[in-house]
Amino acid sequence: MSIFWLASYPKSGNTWLRAVLTNYLHEAGGPASINALIGWCAASVRFTFDEFLGLPSSDMTREEIMRHRPLLHEALAEAMPPPAFVKVHEACVHTPSGAALFPKAATAGVIYLVRNPLDVAVSYAHQRQQTIDDTVTFMNHSTATLGGVRPSLSTFLPIPLLTWSGHASSWLDQGELPVHVTRYEDLLANPRAAFGAIVRFAGLDWDAARLGEAIGHAAFPRLRAQEEEIGFEEKQPPAPSFFRAGVAGSWRTALRPRQVRALVDAHGPVMERFGYLRDAESFLAGEGAAGA
Amino acid sequence: MSRALHHYMAYGLRMRSPIALPFAPSPSAPDQEPDVVIRVGAAPAALPAPVIKTKVWESAPSAFLINVDGVARYLVTEGRDILVEPCGSDHDVGVFLIGSVFAALLQQRGVVTLHASAIETRAGAVLFLGSSGAGKSSLLAAMQQRGHAMLADDVTGVLLDSGGRPTALSAFPAMRLWADALDELGWQHRTRGRVRKGLEKYLAPVERFRATPLAVCAAYMLTPSPGSGIEIEACARSTAFEHLLKCTYRKRCMHGLGQRPAHFRAVAAMAGQVPVFRVKRPAHPMRINALADEIERSLCQRGAETVSPAAVASG
């Protein structure tokens, strides 16, 4: 079989999408547990690397690990029964030996979620428990990497992220793998249409009533209530909670003009491509006018 | 050109190797024939009838073949012979040999390979289970500082003895720690060099090593969790069984060797006889010394405190 990669930069609605897909495919009535979501990040953890490849990632250099990851993705694709969804925050890059990190042979398709980087900065700063300035710097850093930073205590493999826009371009402009791209803002504004298109792209049996129920079960307040009640096992430290606001536009009050400017300067063309640029520019013009 | 032969003892097996392995050799060449013979030569490109075949390794009931890109190709047969075709440094060849390759050999001999470190206590062997990054080696180091002898670092081999009791095999006297763990333990100046070039992982000294097998008296499953608290809770037998299955080292390779039913029986026996605890430890920072203190407290409640001259004298 082959895999549908649920690909996104962090804090872009990936877990929400997984919750909707899980509830859509959930046989029992009632909402599925947030601790049993489909599309777990199996490709990004050391346990699966070691188990599937029979190699000890903890005795290997970052370069050696990267060189072997396409083989892991092929082995996972072979082992997973359909429908196979795997969440990835990795950018769609090439390994040091020039192979595609996500081989065509292992791929059924890519569901790429994109979210306004101004909102990503706010949400991601909360998750990282870092300042917004620090988070903006990270989002603009061309060799940004997640996981494997403290390898002794990380269960994750090193995850190449690139910059926010580098990440989006790596998936959307690669030209090899079929991609369905969805804006987080459209999932919020018109969930039935946006999630429905994803369900169809993934080739799942179509059932409109079922999708409506799934969206209801995976509504943000419900996910947050479950997290408060039973905890979310996938939550990474140090953030106090995973499911936070689930809204669009909070950047307007949370970001300072220079932070908006830094993101616009770094990611303008990709922001424009997804309709995020105009608001940012009028915000900056307004702030400029207010300051004048 | 012939190579000098080295002699080692690990997991109760006498080994003869033309390649130096990254742990202390036996003090003298044994009179008896070795249980495991390592040779250097041309390894086959594929197995004739693999049960599982991947692009890195393949396995059949009595054969396991693995290719470590840039290091070596290894063929393990009949739980006795390891054929190595090196293409990297002897040092690297040894590092991978004592990991995945040796685990396959143990599996061929019917040994249950658990991803666990293990220490000696007064009540028996205590295992610290967990996947890569769970903190097994750091905890092992902290428990050694508290006077416990080491049995194994990364992979603990378990056999059922003649009475059906799970017994932990003594692995080899080598412990590997990442630089940050060394810092936390204050062991920065005690390292014996890097595990491999380019890795911030070091060989750490082993001061107390138990070289003979020991019945298992408890197992602790380490899970990094949100928050700064440390919690230890006893697992129901069915959960214990799941944890032990999950922490089986190289489970897929073992399935390819046809050991699945025997492995199931051994794990079920272990879950039935050995209390298993789930330990939630802070993901970051790990609070290694606080964790070791909590484990020590839990061990004392079970009469499994340190085996040390002082403890023996007062006991």
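In the predicted model, Leu113 of chain A stands opposite Thr182(A), a residue of strand S6(A). The strand pair concerned is formed by S3 (residues 107-114) of chain A and S6(A), which run parallel and are joined by 5 bridges. Both strands belong to an open sheet of 4 strands in chain A, ordered S2-S1-S3-S6 and paired in parallel fashion. Because strand S2 (85-88) and strand S6 (179-183) of chain A each have a single partner strand, they stand at the edges of the sheet, and one side of each is left without a neighbour there. From one strand to the next, the twist averages 20 degrees. Helix H8 (residues 191-201) of chain A packs on this sheet, where it touches strand S1 (3-8), S3 and S6 of chain A, and the direction of the helix makes about 165 degrees with that of S6(A).

The size of an interface is often given as the accessible area lost when the parts come together. Between chain B and chain A, the buried area is about 2,900 Å², with 54% of it given by carbon and sulfur atoms, and the contact draws on 38 residues from chain B and 28 residues from chain A. The two chains, B and A, are linked by 5 salt bridges, including one between Arg196(B) and Glu64(A), in which the closest N and O atoms are 2.7 Å apart. On the side of chain B that touches chain A, at least two residues each are supplied by strand S6 (63-68), helix H1 (90-108), strand S14 (175-178), helix H3 (179-185) and helix H5 (251-256) of chain B. By class, that side of chain B has 15 nonpolar, 9 polar and 14 charged residues.

Methods:
Residues numbered from 1 in each chain as written. Chains lettered and ligands numbered in written order. Predicted model: local features only at pLDDT ≥ 70, side-chain atom pairs only at ≥ 80, totals over all residues. Heavy atoms only, no water. Pairing = 2+ DSSP bridges. Axes fitted to C-alpha atoms, helices over the stretch in contact; angles between N-to-C directions. Contact = heavy atoms within 4.5 Å. Buried area = accessible area lost by both parts, 1.4 Å probe. Salt bridge = Lys/Arg side-chain N within 4 Å of Asp/Glu carboxyl O. Nonpolar A, V, L, I, M, F, W, Y, C, P; charged D, E, K, R; others polar.
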